[in-house]
Amino acid sequence: MKPFAYTSDPVRVIFGRGTIDHVAGEVRRLGCGRALVLSTPQQKSEATDLARRLGALAAGTFHDATMHTPTDVTERAVALAREVQADCTVALGGGSTTGLGKAIALRTDLPQIVIPTTYAGSEATAIIGETKDGVKVTQRTLKVLPEVIVYDVDLNMTLPPMLTATSGMNAIAHAVEALYAQDQNPVTSLMADEGIRALARALPVIVADPQNVDARTDALYGAWLCGTCLNAVGMALHHKLCHTLGGSFDLPHAEVHTVVIPHATEFNAAAAPEAMRRIAAALGASDAAQGLFELSQRLGAPTSLSQLGMKAEAIDKAADLAVKSPYWNPRPIDRESIRHLIGNAFHGRRPGA
Ligand code: NAD
């Protein structure tokens, strides 16, 4: 075994069904009594219901969380938090709502309870991306790490099958890159194996039978493990490419991850054979990249960037942007190979075509 360093960040995790009943106790446990409840407009009724359950522990609600954490929305939420004298936030939703809670914490140090309803994994990370004037800037700081995560399987039952598929592939992508990370370690790799295995088993069942509680439980468990991987080790080509594609061409987050992950995996295959062996084993496939592509196909998820609205003229610009700032990747990155990768992803070809 190679020498390694492993850091585990302090997060309290509550997992199960009906765990929303624990939120009031968790607010008190933090020594708080005035929670600001956050959601997107689409999840307003769930957030209002949560505020009602919290009773006097809820100081207010804010329902305007938006994808990519625009700073103008954050400023409105911070103003409300100050006005109602909130002493913590409770974010109920996917990565967009979690992102808002983190952005408030960055500015106010308010402790956060997060109730994730997708598989994006943001709840487990000390990473925040914020968008100002169309530019998304990401930073890592423990100021944004949520104090408590409440995983409630029941709240995930409503995640529509296609969002379940793409959000699940988004989570798997964290574990794939963790297995070939420069700072990989045996503990994170165990979580990555188990996260991929749980999601690969659960997602096809959920797409066929969205109310299957066992599969929903497995998927949420897998998502937690994959989110923990995202926080614990550095990501490489796949995450950088998705950040560029999503940010520069306004493509949807989980869908871009779904399309790109088989191609990024194929790109790195020869340079990371042990990671490929583990990914394939966790997928129950003979090849990691092909196994990921086939899983997406089986889920009926998008397999091409053109399906997501990207234009063919953007391929060259995307390749230019992708090689602009250097970063570590198991296989060195050059413009021609990246242009080929993006072309394959654009057209929905099999990885390695
Ligand atoms: P999202 O939070 O934008 O959710 C997508 C839509 O689904 C929203 O309308 C939401 O209200 C709805 N939804 C969520 N859960 C639902 C449920 N159970 N039932 C019905 N509808 C539901 O999407 P996402 O993919 O979770 O998050 C994407 C954002 O998170 C991006 O901005 C991305 O950059 C960020 N993110 C950040 C990190 C990090 O570590 N900082 C990690 C992953 C993602």
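I began with the two domains: the C-alpha centres of domain 1 and domain 2 lie 26 Å apart. Domain 1 covers 12-156 and domain 2 covers 161-347, with bounds from an automatic or database domain assignment.

The model is predicted, so local features need pLDDT of at least 70 and side-chain atom pairs pLDDT 80 or more, while totals for chains, interfaces and linings use all residues. Residues are numbered from 1 along each chain as its sequence is written, and side-chain values use heavy atoms, without hydrogens and water.

Next I looked up the domain interface. I found 20 residues of domain 1 in contact with 23 residues of domain 2 (contact: heavy atoms within 4.5 Å). About 1,900 Å² is buried between the domains, 65% of it from carbon and sulfur atoms (buried area: accessible area, 1.4 Å probe, lost by two parts on being put together, summed over both). Phe15, Tyr119 and Val153 supply 35% of what domain 1 buries against domain 2, more than any other three residues.

Then I turned to the ligand. I noted 22 residues around the ligand, the closest being Thr40, Ser96, Thr117, Thr118 and Thr125 (near: a heavy atom within 4 Å). Each domain gives the shell at least three residues.

I checked individual atom pairs last. A polar side-chain atom of Thr40 is 2.6 Å from a ligand oxygen atom, and one of Ser96 is 2.5 Å from a ligand oxygen atom. A backbone N or O atom of Ile127 lies 2.9 Å from a nitrogen atom of the ligand. The ligand taken alone exposes 850 Å², and the protein buries 86% of that (Shrake-Rupley method, 1.4 Å probe).

How values were computed: A polar contact is a pair of N or O atoms within 3.5 Å; within protein, one must be able to donate a hydrogen and the other to accept it, and residues adjacent in sequence count only if both atoms are side-chain atoms.
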